[in-house]
Amino acid sequence: MRRRTFLTALPASVAFSGAVWHEAVASVSAGDSPYGPLGAPDANGMALPAGFTGRVIARSGHSVGGTLWHPAPDGGACFADGTGWIYVSNSEVPLVGGASAIRFRADGSIERAYRILSGTNLNCAGGATPWNTWLSCEEIFRGRVHETDPYGARAAQPRPAMGRFKHEAAACDPDHRVIYLTEDESDGCFYRFTPTTWGELSSGRLEVLCGDGVPWREVPDPTPGVLARQTRHQVPEARHFNGGEGCHYAAGVCYFTAKGDRKVWAYDTARQTVTAIYDGTGTLDGVDNITGQKGDLYVAEDGGNMEINIITPDGVVAPIMRLDGQARSEITGPAFSPDGTRLYFSSQRGTSGETAGTGGITYEVTGPFRR
């Protein structure tokens with residue numbers, strides 16, 4: 001079993017959701033996780049701490065709420081819906097891609113499911129907006145961001161002003177009225193999009209993170225042609241990250257992961273600086289999708305031990321869930337229900353490990369999460 005670790009030492013000025021990171025200390029046992037050690041795997045192969053329970057809510061190619069659940073479930077988010085809620089999930093397959101939604105009643109039972117986006121390409125991660133839409137991102141060359149309606153009432157709209165590149169994830173910053181974007185390339189960039197009008201994404205300014213002094217520069221051509229210089233190469237001063245993955249904004253900081261160096265980064269919006277809060281040398285492996293709640297981060301693994309790890313404000317890194325028997329898959333789409341008591345996520349390829357993602361499984365974990 002993996003050992004729980006602490007983060008490497010960081011400047012005291014690095015904020016984490018209103019808290020302050022403490023300096024690293026020596027590793028200790030996994031039992032010191034805020035939720036305690038993981039127990040034995042349940043009937044679904046899910047190992048959880050005491051007091052937590054899990055269930056399967058959908059399987060790729062099987063009917064859920066009257067709809068066939070899509071293959072290769074990836075990025076996801078939850079949205080309030082009256083007394084219930086909605087979980088949205090992308091489909092990371094070529095040409096048909098898109099996204100689907102599951103609507104839950106107040107007691108957690110499934111009311112129905114439906115498609116909210118179709119005919120797109122390799123929809124990987126994305127992000128929720130403060131105005132209750134889902135930004136579904138295409139992880140392809142010159143990919144687009146599509147703004148979708150989780151409630152299924154309005155047609156999805158492409159948002160080319162947010163850039164044409166190999167999109168991964170998006171995180172909205174309502175404090176500064178910008179949206180941060182990651183790029184899944186070995187020399188990918190970290191972007192921010194400033195809409196002309198907050199809440200309307202048809203136009204705006206796309207910038208790329210650069211070095212200190214002048215941290216952001218505008219991308220001259222956000223929608224380059226096939227043979228034109230791509231966005232990540234248009235600004236010579238641009239800072240590059242190896243395989244940008246998930247991102248999450250909270251309390252003045254945008255956290256994002258890079259799979260190439262296994263790091264979790266923190267962009268401090270006040271100081272306009274970037275610091276690695278997890279340096280890739282601990283127990284957390286294959287950093288990918290990321291979400292947060294009340295000062296804690298939850299990072300899903302692409303491979304590794306097939307775990308979701310918590311990163312706490314005082315620097316603890318520990319698994320809070322592990323899937324057994326799915327070593328050829330990856331964990332995707334972690335998202336909390338609006339009340340913070342349920343965590344949703346998927347195993348993209350399940351026990352089959354098929355690259356087409358037909359074995360995908362979507363789960364729900366219920367328990368005393370810190371909230």
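**Close-up views of a predicted model**

**View 1. The largest pocket and its lining.** About 890 Å³ of space lies in the largest pocket of this predicted model. The lining comprises 42 residues, and those nearest the pocket centre are Ala 128, His 248, Tyr 249, Thr 291 and Gly 292. Two or more lining residues come from each of strand 8 (73-81), strand 12, strand 16 (167-173), strand 21 (244-250), strand 25 (287-293) and strand 29 (331-336). Strand 8 contributes the most, with six residues. By class, the lining of the largest pocket holds 21 nonpolar, 17 polar and four charged residues.

**View 2. The largest cavity.** The structure has one cavity of 30 Å³ or more. The volume of the largest cavity is about 30 Å³. Its lining consists of Phe 141, Arg 142, Phe 165, Lys 166, Glu 183, Glu 185, Gln 230 and Arg 232. Five of these lining residues are charged, two are nonpolar and one is polar.

View 3. The strands follow the order 12-13-14-15, and their pairing is antiparallel. Strand 12 (123-128) and strand 15 (157-158) are the edge strands; each has a single partner strand, so one side of each lacks a neighbour in the sheet. Within the sheet, strand 13 (residues 134-138) and strand 14 (residues 145-148) run antiparallel and are joined by four bridges. Ser 136 has His 146 of strand 14 as its bridge partner.

**View 4. An edge-to-face tryptophan pair.** There are 22 aromatic pairs in the structure. In the pair of Trp 131 and Trp 198, the ring centres are 5.0 Å apart and the planes stand at 90 degrees; the pair is therefore edge-to-face, the cut-off for that class being over 60 degrees. The two residues belong to distant parts of the chain, 67 residues apart. Trp 131 sits in the loop between strand 12 and strand 13, and Trp 198 in the loop between strand 18 (190-197) and strand 19 (200-209). Trp 131 has a relative accessible area of 24% and is partly exposed, because that class lies between the cut-offs of 20% and 50%.

**View 5. An aromatic cluster.** One cluster is formed by Tyr 180, Phe 190, Trp 216, Phe 241, Tyr 249, Phe 256, Trp 265 and Tyr 267. Tyr 249 of this cluster is also among the residues nearest the centre of the largest pocket.

Technical notes: Residues are numbered from 1 along each chain as its sequence is written. This is a predicted model: local features need pLDDT of at least 70, side-chain atom pairs count only at pLDDT 80 or more; totals for chains, interfaces and linings use all residues. Side-chain values use heavy atoms; hydrogens and water are left out. Two strands pair if DSSP finds at least two bridges between them. Rings of Phe, Tyr and Trp (its six-membered ring) pair if their centres lie within 6.5 Å; planes under 30 degrees apart count as stacked, over 60 as edge-to-face and the rest as tilted. Buried means under 20% relative accessible area, exposed over 50%, partly exposed in between (1.4 Å probe, protein chains only). On a 1 Å grid over the protein atoms alone, a cavity is a set of points where a 1.4 Å probe fits but cannot get out, and a pocket is an open set with protein on both sides within 12 Å along at least five of seven lines; lining residues have an atom within 4 Å of a point. Grid points are joined across faces, edges and corners, and a volume is the space filled by probe spheres set on the points. Ala, Val, Leu, Ile, Met, Phe, Trp, Tyr, Cys and Pro count as nonpolar, Asp, Glu, Lys and Arg as charged, and the others, Gly among them, as polar.
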